[in-house]
Amino acid sequence: MTDAKKTVMPAYVVDKAEGASRLADLQKNLRAEREEAALKALPTPCYVVDEAKLLNNLRLLQHMQRESGAHILLAQKCFSMFRLYPLMGEYLAGTTASGIYEARLGHEEMGKENHVFAPAFKEQDMQELVQICDHIIFNSFAQFEKHKAACAQAGVSVGIRVNPECSTQEGEHAIYDPCAYGSRLGVTLANFPEVLPLEIEGLHFHTLCEQNSDDLLTTWKAFEAKFSKYFKQLKWLNLGGGHHITRSDYDVEALIDLVKYIRATYHVEVYLEPGEAVALNAGYLVTEVLDIVHNGLDILILDASAACHMPDVLEMPYRPPLRGGYEANEKQYKYRLSSMTCLAGDVIGDYSFDKEIKVGDKLIFEDMAIYSMVKNNTFNGIPLPDIVLLHKDGTTELVRRFGYEDFKGRLS
């Protein structure tokens, strides 16, 4: 027996392929250099949303919708830059809200499917919600009974949020676990009636936080085992948010398969409400080093603040990715990054760098589109960052500038 003949590519073909690869790398590096130069030229602090990266996320979500038949809604509690709603509306089915203002924003700025859930609703808000929302999801049967007449009169589809009592959160994410003991979010099976009221057309659960499809499958199995006896009456199921669909290691095919199974088995529409997946890794926070102080280690004083501009750093907590920054002891130059507020604990984290950092340098935090603009504040009278859109062609557009009158207006 002889070895199979090996195919040898002609030298000129190899050279051409290698040349094309090198050219692509050079172009990619050039784009990256131009992008960084554009970002560092901006006044600070400023949030920057990267249109090209946002589009990459939207295209993947649109693919998932087409393949599975799911409806993907933007969870506005995570990202609500309405300047981009017309663009996002080209790819997503609509929006979901956590209250009257978000519901109004989704209705006015995207104008597609508009859903809302809250632990409780005020009667005066419900009068408007039933006019602008397609689905209203209640957190208890008492809330449903209180508002069902208004929903029925307006023809709104009504759902109940359930607690499947299946926790997939671990460690520091426990604060975000709706299935934890004593959780106020969702109705447990023990508190369900034997027969659902006829007006209820859907069930909703939301138990995930930055998780993959395996945790969704675990939750689905528990949800299906406990609540499937009610499915024959329903028109839709809402699997909530926390799905990191656009993360590089997310198993998109498993999610598609699950949605297909649900739709084929129970003949219902399926909704997903990711927020982070829409704008994951699609934004930056650009900041300037104002001073360097020394107390056991070098401490950078920035014009960006964890407490004011990226509250999740303190609330979750987590260490935000920093372009050109490494783990604290990985590189030669180590610094603690802090802010110009008077809060002693307003510390972003410890990082190390290949080169010495100097006053006036610009630093770029990454993955800052999500849970940043929606949660920022003006503690200590610290100005909010500008909002800038980085277009696909590399140009930048100032979308929002925060001034003294905006700050004063928050307090009047």
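**Entry 1: Ser 372**

I looked up the contacts of Ser 372 (contact means heavy atoms within 4.5 Å). Leaving out residues up to four places away in sequence, Ser 372 touches Tyr 47 and His 309. The model is predicted: local features need pLDDT of at least 70, side-chain atom pairs count only at pLDDT 80 or more, and totals for chains, interfaces and linings use all residues. Residues are numbered from 1 along each chain as its sequence is written, and side-chain values use heavy atoms, with hydrogens and water left out.

I then checked where Ser 372 sits. Its place is the loop between β14 and β15 (strands are DSSP runs of E, at least two residues, and helices are runs of H or I, at least four, numbered from the N terminus). Ser 372 counts as buried because its relative accessibility is 1% (buried is under 20% relative accessible area, exposed over 50%, partly exposed in between, with a 1.4 Å probe and protein chains only). A polar atom of its side chain lies 2.4 Å from the backbone oxygen of Met 368.

**Entry 2: Phe 379**

I moved on to Phe 379. This residue is also in the loop between β14 (362-366) and β15 (386-390). Is Phe 379 buried or partly exposed? Phe 379 counts as partly exposed, because its relative accessibility is 37%.

**Entry 3: Ala 306**

I turned to Ala 306. It lies in helix α10, residues 306-309. Ala 306 has 0% relative accessibility, so it counts as buried. Not counting residues up to four places away in sequence, Ala 306 touches Pro 311, Val 313, Leu 314, Asp 346, Val 347 and Ile 348. I also looked up Ala 103, 203 residues from Ala 306 along the chain. Their C-alpha atoms are separated by 28 Å.

Definitions and conventions. Polar contact = N/O pair within 3.5 Å; in protein donor to acceptor, adjacent residues only side chain to side chain.
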